[in-house]
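Student: I would like to learn how to read a few features of a model. Can we take them one at a time?

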Amino acid sequence: MVAVLDAVPMPEKDRTEIVHVEYMETRYPKYMAYETKVGKKEKYQAILADFKEMREKLFDPATGLVYDFYEVGKEAVLEDKKFKSESAGYYLMGIIDTMFEVAQEIFEQYKAYEEMFKEAVKGILRYYNEEEGVFHKYILTKKDMDAEGKEEENPVDVEATAMIGYAIWKGCRMRALLSEKYDPIAARLLDSVKEIVSEKNTSELEIFYEEILGLMQETTGKPWKE
């Protein structure tokens with residue numbers, strides 16, 4: 001939940017801007033929180049219009065995966081020529097954390113974000129291996145696997161695994177996802193992250209994991225309608 005002091009008004013759109021997928025998480029929950037708590041919901045439609053544009057540009061329906069960025073008016077780009085789980089994590093978190101700030105009575109807005117979120121969850125889970133319980137840096141499509149797919153060149157991405165696990169967990173708490181089906185997946189991902197963070201014992205991972213735990217704590221503090 002974004003506090004009132006942390007909420008910021010949405011600026012006028014810059015048509016020359018390069019839009020990175022992480023903006024969905026780092027900027028838009030704050031914009032939505034401002035509109036809900038301060039701005040009288042005046043820019044709800046503008047924020048949703050941006051999300052629809054970002055979905056059209058960044059989400060690839062054919063693979064169910066997410067591009068890294070795009071320049072307004074141009075095609076989206078994969079920085080390393082492969083889809084990354086990190087980008088999927090930012091995309092999912094951006095949608096669910098922004099949706100979290102929407103006033104619950106604005107049903108049409110809530111449903112629009114929910115549809116984008118569910119679409120992306122189904123997309124990323126095409127590539128989820130339950131036995132591993134993690135996501136790797138690159139999400140290898142069949143085309144990538146046929147070309148190379150060498151495991152040593154595709155390490156586990158702990159932060160992306162945490163982001164995806166958190167987003168699915170939050171989607172269940174907000175009743176955007178069926179808990180019976182998706183909660184076990186979220187639990188497996190987050191348990192894997194906890195184990196890896198404990199094993200590696202690095203300050204960077206521990207700080208990131210604490211941030212995810214903080215977001216989870218904030219989520220449980222807001223009631224959602226049955």
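**Reading the sheet, a helix and a buried charge**

Tutor: This is a predicted model. Start with the sheet: three strands form an open sheet in the order β1-β4-β5, with antiparallel pairing.

Student: Which strands stand at the edges?

Tutor: β1 (18–20) and β5 (76–77) do. Each has a single partner strand, so one side of each lacks a neighbour in the sheet.

Student: How do strands of a sheet pair?

Tutor: In general, strands pair through backbone hydrogen bonds, either parallel or antiparallel. Here, β4 (residues 69–71) pairs with β5 in the antiparallel sense, over two bridges. Phe 69 stands opposite Val 77 in β5.

Student: Now the helix α3. What is its reach from first C-alpha to last?

Tutor: Helix α3 (residues 44–58) has 15 residues and reaches 21 Å, close to the 21 Å expected at 1.5 Å a residue.

Student: Which residues of α3 are buried?

Tutor: Tyr 44, Ile 47, Leu 48, Asp 50, Phe 51, Met 54 and Leu 58. They cover an arc of only 155° around the axis, which puts them on the same side of α3. The face turned away from that buried side carries the exposed residues Gln 45, Lys 52 and Glu 56.

Student: Last, Glu 35. Is it buried or exposed?

Tutor: Glu 35, in helix α2 (residues 28–37), is buried yet has no salt bridge. A salt bridge needs the charged atoms within 4 Å. The nearest side chain of opposite charge, Lys 43, is 5.5 Å away.

Student: What does Glu 35 touch?

Tutor: Leaving out residues up to four places away in sequence, Glu 35 touches Lys 40, Lys 41, Glu 42, Lys 43, Tyr 44 and Ile 47. Tyr 44 and Ile 47 are also among the buried residues of α3.

How values were computed:
Residues are numbered from 1 along each chain as its sequence is written. This is a predicted model: local features need pLDDT of at least 70, side-chain atom pairs count only at pLDDT 80 or more; totals for chains, interfaces and linings use all residues. Side-chain values use heavy atoms; hydrogens and water are left out. Helices (H or I, at least four residues) and strands (E, at least two) are DSSP runs, numbered from the N terminus. The expected span of a helix is 1.5 Å times one less than its number of residues. Buried means under 20% relative accessible area, exposed over 50%, partly exposed in between (1.4 Å probe, protein chains only). The arc is that of the directions from the helix axis to the C-beta atoms. Lys and Arg count as positive and Asp and Glu as negative; His and the chain ends are not counted. Contact means heavy atoms within 4.5 Å. Two strands pair if DSSP finds at least two bridges between them.
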